[in-house]
Amino acid sequence: EEYLNRLRQTEPQIKSFLHVSENVMKEAKEIDGKIERNEELRPLAGVLIGVKDNICTADMPSTGGSRILQDYRPAFDATAVQKLRESGAVLVGKTNLDEFGMGSTTEGSGFQVTANPWDVTRVPGGSSGGSAAAVSARQCVVALGSDTGGSVRQPASFCGVVGMKPTYGRVSRFGLMAYASSLDVIGCFGSSVADTAILLEAIAGHDIFDATSSKHEVPNFASQFISTEFSESKPLKGLRVGIISETLGDGVDVPVASTIKAAASHLEELGCAVTEVSLPSFSLGLPAYYILASSESSSNLSRYDGVRYGNQVAAEELNSLYGDSRANGFGPEVKMRILMGTYALSAGYYDAYYKRAQQVRTLVQKSFKAALSENDILISPAAPSAAYKIGEKKNDPLAMYAGDIMTVNVNLAGLPALVLPCGFVEGGPAGLPIGLQMIGAQFDEGKLLRVGHIFE
Ligand code: GLN
């Protein structure tokens, strides 16, 4: 009731949800009944969870933030959602996003613009801006997002919450609307590292419905890595931390860089050995990401043809049915990505763009591998700035893309990364939060969570 009341109070300003479940109190009362009867409770019993609206839910609409799926109701739950229900969680609703995950502000939603709870004149980040804002405004306890190029980590940074992008394949993508399949992963938001760890543990693991999901064993993240007792004065003694030198220079706001340096000193106080490490291919990651993500999306989005899914525009013949349904249903950013992607994939341009971007991807993977052979974790800002004003970059897509520089490389390499609040810069009524990004080796989420928990 407390959460629902807060949701009702704050939602007219924040607008994090596209749909709020009607069953929250009913499900919560069932759990109350279990408590009264002394029945055993499942690990997430009664925990209120927000779910990004590009993740399918059988009992609620799932629009992907797109008008083309305005009335779509999936016949099934995404595997991550099914696992949450099995753990006893209560779904509070579906959160707003940039259409199909394409954007960094949530202004690209086909339905509404979400506001940042720290300053409602600013964006919450994106594309999982609804989930980040909902956790930040305490409209739910934790939330699911998706991260193709930073969509969990950058909004976590802008909204002052914890965001975890797991290793590619750690969480099943079954039921996640595909944006760029080789980069997409479902991720977690929480207001503490411990909450985030519990959520990750609930959704991770192999799934026969996703051939790219990994058979890697899922550790008991919360109990193995989140110990509340660390009485030693240097609990992180011996941990080698590399600050990515390319992330603190040009193009990064000075107050952001100094907040991250202060966070690095805090890690040193905790016992870490902090050194600078260079990732020479770092700046190449951004153009390579936008070529690859657009290329994959142009193929993935061909399924929205007005026949198999969603809204259909009446037409005289088949080609105009496809064309008109898509012209009518997709927003401008999605159309631009489809055009960029089909261009990069077309004969004559393929070698110059798509193939070259794949080569860059290999370079990025190699440079991370080298840096992570000498360091346990790498750190950087999660974004080059704090949350900016709504409308500020709306008509300048290149400026918006440039803001993804800190996060896209991690997706190209398929690595896990944790973002957690590490300070504030000036702005808004109460200051604006800044997120520290910690990047680990594949399937080393446990280490990130442990370090994050101790840091926090
Ligand atoms: N902002 C990036 C993009 O628009 C990343 C989005 C995401 O991770 N879904 O592609």
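The model is predicted. As background, most residues other than glycine have a negative phi, and most peptide bonds are trans.

**A cis peptide bond**
- The peptide bond between G126 and S127 is cis, with an omega of about 10 degrees.
- S127 belongs to the loop that runs between β3 (90-95) and α4 (129-136).

- K15, a residue other than glycine, has a positive phi near 55 degrees.
- K15 is located in the loop between α1 (2-14) and β1 (17-20).
- K15 counts as buried because 21 other C-beta atoms lie within 10 Å, and the cut-off for burial is 20 or more.
- F100 is also not glycine, and its phi is positive, near 55 degrees.
- The loop between β3 and α4 contains F100.
- F100 is buried because it has 30 other C-beta atoms within 10 Å.

- Helix α3 spans residues 79-86, and six of its eight residues are buried, so the helix is largely enclosed by the rest of the structure.
- The buried residues of α3 are T79, A80, V81, Q82, K83 and L84.
- The cover over these buried residues includes the strands β2 (48-52), β4 (142-146) and β6 (186-190), together with the helix α6 (193-203).
- After α3 comes G88, which has a positive phi near 95 degrees.

Definitions and conventions
Residues numbered from 1 in each chain as written. Predicted model: local features only at pLDDT ≥ 70, side-chain atom pairs only at ≥ 80, totals over all residues. Helix = DSSP H or I, 4+ residues; strand = E, 2+ residues; numbered from the N terminus. Buried ≥ 20, exposed ≤ 12 C-beta atoms within 10 Å, placed from the backbone. Contact = placed C-beta atoms within 7 Å.
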